[in-house]
Each structure stands twice: as structure tokens, then as C-alpha cells.
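Colleague: I would like to learn how to read a ligand site and a set of aromatic rings. Please take me through an example.

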Amino acid sequence: MSDNIHTNVLIIGSGPAGYTAGVYASRAMLEPILVQGIQPGGQLTITTEVENWPGDTEVQGPDLMIRMESHAREVGTNVIADIILSVDLSKRPFTAIGDSGTTYTADAIILATGAQARWLGLDSEEKFKGFGVSACATCDGFFYRGKDVVVIGGGNTAVEEALFLTKFASKVTVIHRRDELRAEKILQHRLFNNDKIEMLWDHQLEEVYGSDEPLGVEGVRAKNVKTGEITEIPCSGCFIAIGHAPSSELVKDALETHMGGYVVTAPDSTATSIPGVFAAGDLTDHIYRQAVTSAGMGCMAALEAEKFLSELETENAPAKAAE
Ligand code: FAD
Ligand code: NAP
């Protein structure tokens, strides 16, 4: 059944940015609708301990997101399980079409679609995706009990994935293309002090190899970026943790983007190149990409949407009075 729903503010995305926007927009009496997308709760639902969310020395990512969702719902956000397939930002009210068949119209839109894992783009990576190649240790780590695995990358995600995998795997080799990590020092300290973890510096993944029937990983080949020498590492799992790319497919042709797809916003603002369309969180942030900064931007977006809508109302008031 197809439906049409109108709202003052449509929030697209249910990560820290989306839910925070929901809390602020609800408290501004804007009665927002929030569409959750394919990953309700966003990226933090695929991690375990979050240790830098102020107020919690340690909190499980999925628990934190359940609390954020409850908070948004309790103050009045209409949270809907749907995926937005397309948006029309060329005229107001803006239109968004949901996978459910619902058409959402809105006077203002807050885009909070976050980011998704990046892949290396190797044919062999694609071949074994879901059969030994993964981008989520929290989701798939359990399958590697007593086995050897490799992790590709040198940022916070790679180090956290490697540490998490030591709970199951007998050995974790981290393959990084440089000779130093970009991960936070505290995580590096834990990594270097873990006996199950070995580093392979200055290497780039060349190929994942394995069996065809059944489809499964048996090892990887990595190339030394300085000498060209190939090292073969037998393993059952290969975790790709090379960062995330903004989920801007919905709006990449309508809004200004930069740095590989991040939505451009005005300085110190969440305003995009279209008045009434705001963007918050990892979708627009190529620098910090943290839960707390995303939540902060969600707050800004809701406050800016409120201001935009009240100015719109003031502009329309004389016309209405004359009718
Ligand atoms: P996201 O969390 O990416 O959420 C995006 C939302 O948009 C999702 O709900 C998705 O379903 C929705 N969406 C996308 N497309 C559509 C669509 N078409 N229609 C409707 N909805 C859509 N940060 C920290 O501060 N501390 C940490 O410890 C930490 N650990 C991390 C561990 C891992 C493994 C990862 C991957 C990230 C971690 N981060 C951490 C980073 C943090 O998760 C992100 O900065 C934060 O989640 C970004 O929030 P967001 O709201 O912008 O988007
Ligand atoms: P990231 O910080 O961008 O790091 C990506 C890593 O992958 C880098 O080490 C990079 O190498 C490497 N890499 C990128 N492209 C590659 C390629 N083609 N081949 C080989 N290696 C490649 O990404 P992230 O670790 O996913 O983190 C994303 C954001 O989320 C960050 O802002 C991070 O702070 C945040 N986050 C925070 C936490 C936390 O606070 N505990 C946890 C997870 C994520 P180079 O170093 O050589 O560039």
C-alpha cells in the first residue's frame, strides 16, 4: 500500500546525528519523522565497547544506540523503519520516496545518512565477500575461533577489529601500507602489547586466495610497497578496515559535495547548498568522524531547521493574512 505523509522536518538516518536531530526537533515541537534506513542505529551497532562517549567510561555501541532511539521516540520523534530510495530537492515541499512505497513530503530535510565501509576493489576481495572476507569483526569474528586471520588497515577501526578478533582467533596479522599507524595511541599501546597480534608493515593486500567448493579463504598475498616482495599468509579470514566513505548517493547530483562525496556545508553550520536542506554527521565530516561530533551536528541541524521554518512562516504570514 502506498502512503503520503507530510512533516515539518524529515530526518534521514538513525545514527547519532539522526537521533540527536530527532531529540532537538521534537523538543522544538516540530513533530519530526525519522527514517531509519538499512542500519537502524548506524555504525555504532557494529562495534562493541565505546570508550569516548562522554558520561560513559565504557558503553556497548548497540546499547548506546538503543538508548538514543528510545530518547528520540519518548520526546516525540516518529521513528519509521524504511529506506529512502530517492529524494527530490528541486522544490519545496521536498519529496522522499521510501522503499515501503510511502512518499514523504517535508518543509525541511536533515540528511544524516552517515558512512559505509570502504573496500579495496580487488576481484578476489569481491569473490570471497561473505565467505571469509568481511568488513565487520563484531559481526563475523565468532566464526574464526581457533583460526588465523588478517586485518587490513592502520586506523582506529583496524586496531579495534584486530583486538576484538583476538578473543576468537589464534593469531591476527595486521597488514598496513605504511610503517606507522594512524590509530589513537591508547589503542596502539593495546595492540603492540597483545601477544596474538603481529604487524606486517609497508604491505598492501594483493590477493585473497582460497577454495571454490566450498567457497572459502585459505590465505592472502601481500606486496611490500618498498621492495615489491610478495608475502603469503595462510589464514581463514580477511577483515578489511580501511575506512569509510560517505553515504551521499541520494543527493550527490543535487547537492555540492567534495573530498570523495562528503556533502559540503556552510562554515559553522549544517546548511547545504539548498536552503532548507541540512546535513549532519559522517555524511559531511571528513575530519573528525566521531559519535559525539555527529551528535553535535545533529543538534545544530535541528536548531537550524527550526530557525529556517520559523523564518518561512514569517515570510508566508502576510500572504496568508491577505487571503
Ligand atoms: P551513521 O552512524 O553512519 O548512521 C547512518 C544512518 O543513516 C544509518 O542509520 C543508516 O541506516 C541511515 N541511512 C543511510 N542511507 C539511508 C537511506 N537511504 N535511507 C534512510 N536511512 C539511511 N566513534 C566514536 O566516537 N567512538 C567509537 O568508539 C567509535 N567506534 C567505531 C567503531 C566502528 C567499527 C565504526 C565503523 C565506527 C566507529 N566510530 C566511533 C565512528 C562512529 O560510529 C561514527 O562517527 C558515527 O556513527 C556517525 O554517525 P552518523 O549519525 O553520522 O551516521
Ligand atoms: P581511517 O581513520 O580513515 O583509517 C583508514 C586506514 O586504512 C588508514 O590507516 C589507511 O592508511 C588505511 N587505508 C586506506 N585506504 C587504503 C587502501 N586502499 N589500502 C590499504 N590501506 C588503506 O578509518 P577508520 O579507522 O575506519 O576510522 C574512521 C573514523 O571513525 C575515524 O575518524 C576514527 O577516529 C573513527 N573511529 C573511532 C573509533 C574510536 O574512537 N575508538 C573507532 C573506530 C573508528 P594510511 O594510514 O596510510 O592512510
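**Ligand contacts and rings**

Modeller: A backbone N or O atom of Pro-16 is 3.2 Å from an oxygen atom of ligand 1. This is a predicted model, in which local features need pLDDT of at least 70 and side-chain atom pairs pLDDT 80 or more, while totals for chains, interfaces and linings use all residues. Residues are numbered from 1 along each chain as written, chains are lettered from A and ligands numbered from 1 in written order, and side-chain values use heavy atoms, without hydrogens and water.

Colleague: Which polar backbone atoms lie 2.8 Å from an oxygen atom of ligand 1?

Modeller: One belongs to Gln-39, and another to Ala-291. The protein covers 92% of the 990 Å² of accessible area (Shrake-Rupley method, 1.4 Å probe) that ligand 1 has on its own.

Colleague: How many aromatic pairs does the structure hold?

Modeller: Rings of Phe, Tyr and Trp (its six-membered ring) pair if their centres lie within 6.5 Å; planes under 30 degrees apart are stacked, over 60 edge-to-face, and the rest tilted. The structure holds 6 such pairs. Phe-142 and Phe-143 have ring centres 6.5 Å apart and planes at 75 degrees, so they are edge-to-face. For Phe-164 and Phe-168 the values are 5.4 Å and 65 degrees, so that pair is edge-to-face.

Colleague: Are Phe-164 and Phe-168 buried or exposed?

Modeller: Buried means under 20% relative accessible area, exposed over 50%, and partly exposed in between (1.4 Å probe, protein chains only). Phe-164, at 13%, is buried, and Phe-168, at 15%, is buried. Phe-142 and Phe-143 are both exposed. These four residues, Phe-142, Phe-143, Phe-164 and Phe-168, form one aromatic cluster.

Terms used:
Polar contact = N/O pair within 3.5 Å; in protein donor to acceptor, adjacent residues only side chain to side chain.
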